[in-house]
Amino acid sequence: MKIDLTETTSSKINAALVQARRDIGTPAIGMVLTLVIVTDEENAYDALKSAKDASHEHPSRIIVVIKRATRSPRNRRDTRLDAELRVGADSGTGETVVLRLHGELTGHAQSVVLPLLLPDAPVVVWWPDSAPSDVAGDPLGALAQRRIVDTYAAEDPYAELAARAGTYAPGDTDLSWTRITPWRSMLAAALDQQTVTVTGATVEGEDDNPSCELLAMWLADRLDVPVRRTRSTGPGLTAVRLESAGGTIVLDRADGSLATLCMPGQPDRAVALKRRDTAELLAEELRRLDPDNTFESSLKFGVERLEAQGAAADRSAQGAGAADAPADVADTADTAAGAVEAEATEPGGTEAGGEPVPAGKAAPKAGPSKKAPAKKAVAS
């Protein structure tokens, strides 16, 4: 059932919801939370579809807040609230309220949403695209126990991560962090099977993907080792390498669906590691509403600190390579000396005394040759 209300109020919306439930024969409320989605007209359809799919696991009242801001001073004075209600099959397993705020009402969305929240039920606010710099301090965010953003949608994801770390409050989370849950589980399980000490790590993935940075910061924070961040063509995360004295543990996913886990002393294994859609990510976040301390610790590790550690590890590797250069030069010189000695005894070459040897004639044996000392002098 769909109901359109124009120039309405929150009390009229509540009354219409009660009447709609009676009309379809389900007067009781069987929803477990209120999900508030703050978005625009462009992204509202996709966000609402993902929330509807997630509601099959978490029956909820979905409130979509769309702020219809305008540049015209006359239209800004035209303050009104339009609503679209969906109950029953049109709203999955819960109820959907789409609110369109016009004029000055766009700055007071919390006063419209507050009367529509389910009583005695948790509140989750989700910004699918752009989110305020301080989501916990936002008037709508202040109503929620859980606040979900998606750094991947930001123009500069790395700057966004730094900003989120500075304004973090318990209950904040990021779908970019949720995307790496299977990676973290797989790597933790791999380390449980290997009695080794990790000395370094490399995270490989496409550019401008904050999930790669979050995974690298998680590894650096939990393992206390330098982590390098390398770029690939994607899709998303493509590989993680954990280095140790006993060998390298590699989790490689080149196609975005199937990964290969390589561990020292064990055969390679194919593991399912597909990229999940937004509905699956949202459903995972709605399973837990308590603060995520691991996310907080990884986020506050910092992108700048991660880059500094990676640069220091690269400089250390380059220094070690330069120290090995004299040994390489000696090997090259020794090889060249061997080639000179071999040429002296080849048919068609020259004798020890410098006279040419005709082709097909064996070179005379060298007596107390002076070539051997010469070879030692070159090699040294």
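**A chat about a predicted model**

Student: Let's start with aspartate 208: does that residue count as buried, partly exposed or exposed, and why?
Tutor: In this predicted model, aspartate 208 counts as partly exposed because its relative accessibility is 43%, and that value falls between the cut-offs of 20% and 50%.

Student: Where does aspartate 208 lie?
Tutor: Aspartate 208 lies in the loop between strand E9, residues 198-206, and helix H8. Its backbone has a positive phi of about 55 degrees, although aspartate 208 is not a glycine.

Student: And glutamate 7, what phi does that one have?
Tutor: Glutamate 7, which is not a glycine either, has a positive phi of about 45 degrees. It is found in the loop between strand E1 (2-5) and helix H1 (10-23), and it counts as exposed because its relative accessibility is 59%.

Student: OK, stepping back, how many helices and strands does the chain have?
Tutor: The secondary structure comes to 13 helices and 14 strands. The chain has 380 residues, of which 42% count as buried, and among contacts between residues at least 6 apart in sequence, 69% join residues at least 24 apart.

Student: You mentioned H8. At what angle do H7 and H8 pack?
Tutor: Helix H7, residues 181-193, and helix H8, residues 210-223, pack at an angle of about 35 degrees, and their axes are 11 Å apart. The crossing of H7 past H8 is right-handed.

Student: Which residues make that contact?
Tutor: On the H7 side they are Trp183, Arg184, Leu187 and Leu191, and on the H8 side they are Leu215, Trp218, Leu219 and Leu223. By type, the residues of this contact divide into 7 nonpolar, no polar and 1 charged.

Student: Leucine 187 is in that list; what else does leucine 187 touch?
Tutor: Leaving aside neighbours within four places in sequence, leucine 187 is in contact with Leu215, Trp218, Leu219, Val240, Leu242 and Leu251. Leucine 187 counts as buried because its relative accessibility is 2%. Leucine 187 and arginine 241 are 54 residues apart in sequence, and their C-alpha atoms are 9.7 Å apart in space.

Student: Which residues touch the most other members of the largest nonpolar core?
Tutor: Those are Leu215, Leu219 and Val227, in a core of 36 residues. Helix H8 gives the most to this core, with 8 residues. A second, separate core has 28 residues, including Ile13, Leu85, Leu105 and Val113.

Student: And what does leucine 215 touch?
Tutor: Not counting residues up to four places away in sequence, leucine 215 touches Ile180, Trp183, Arg184, Leu187, Val203, Leu237 and Val240.

Student: New topic: how many disulfides does the structure hold?
Tutor: The structure holds 0 disulfides. As for individual cysteines, cysteine 212 counts as buried because its relative accessibility is 0%, whereas cysteine 262 counts as partly exposed because its relative accessibility is 22%.

Student: Last one, helix H9: how many of its residues are buried?
Tutor: Helix H9, residues 278-286, is mostly covered, with 7 of its 9 residues buried. The buried ones are Ala279, Leu281, Leu282, Ala283, Glu284, Glu285 and Leu286.

Student: Why does glutamate 284 count as buried?
Tutor: Glutamate 284 counts as buried because its relative accessibility is 16%, and the cut-off for buried is under 20%. Beyond its neighbours within four places in sequence, glutamate 284 is in contact with Thr178, Thr181 and Arg276.

Note on methods:
Residues are numbered from 1 along each chain as its sequence is written. This is a predicted model: local features need pLDDT of at least 70, side-chain atom pairs count only at pLDDT 80 or more; totals for chains, interfaces and linings use all residues. Side-chain values use heavy atoms; hydrogens and water are left out. Axes are lines fitted to C-alpha atoms, for helices over the stretch in contact, and angles run from 0 to 180 degrees between N-to-C directions. Helices (H or I, at least four residues) and strands (E, at least two) are DSSP runs, numbered from the N terminus. A crossing is left-handed if the near helix is turned anticlockwise from the far one by less than a right angle, and right-handed if clockwise. Contact means heavy atoms within 4.5 Å. Ala, Val, Leu, Ile, Met, Phe, Trp, Tyr, Cys and Pro count as nonpolar, Asp, Glu, Lys and Arg as charged, and the others, Gly among them, as polar. A nonpolar core is a set of buried Ala, Val, Leu, Ile, Met, Phe, Trp, Tyr and Cys residues joined through side-chain atoms within 4.5 Å. Buried means under 20% relative accessible area, exposed over 50%, partly exposed in between (1.4 Å probe, protein chains only). A disulfide is a pair of cysteine sulfur atoms within 2.5 Å.
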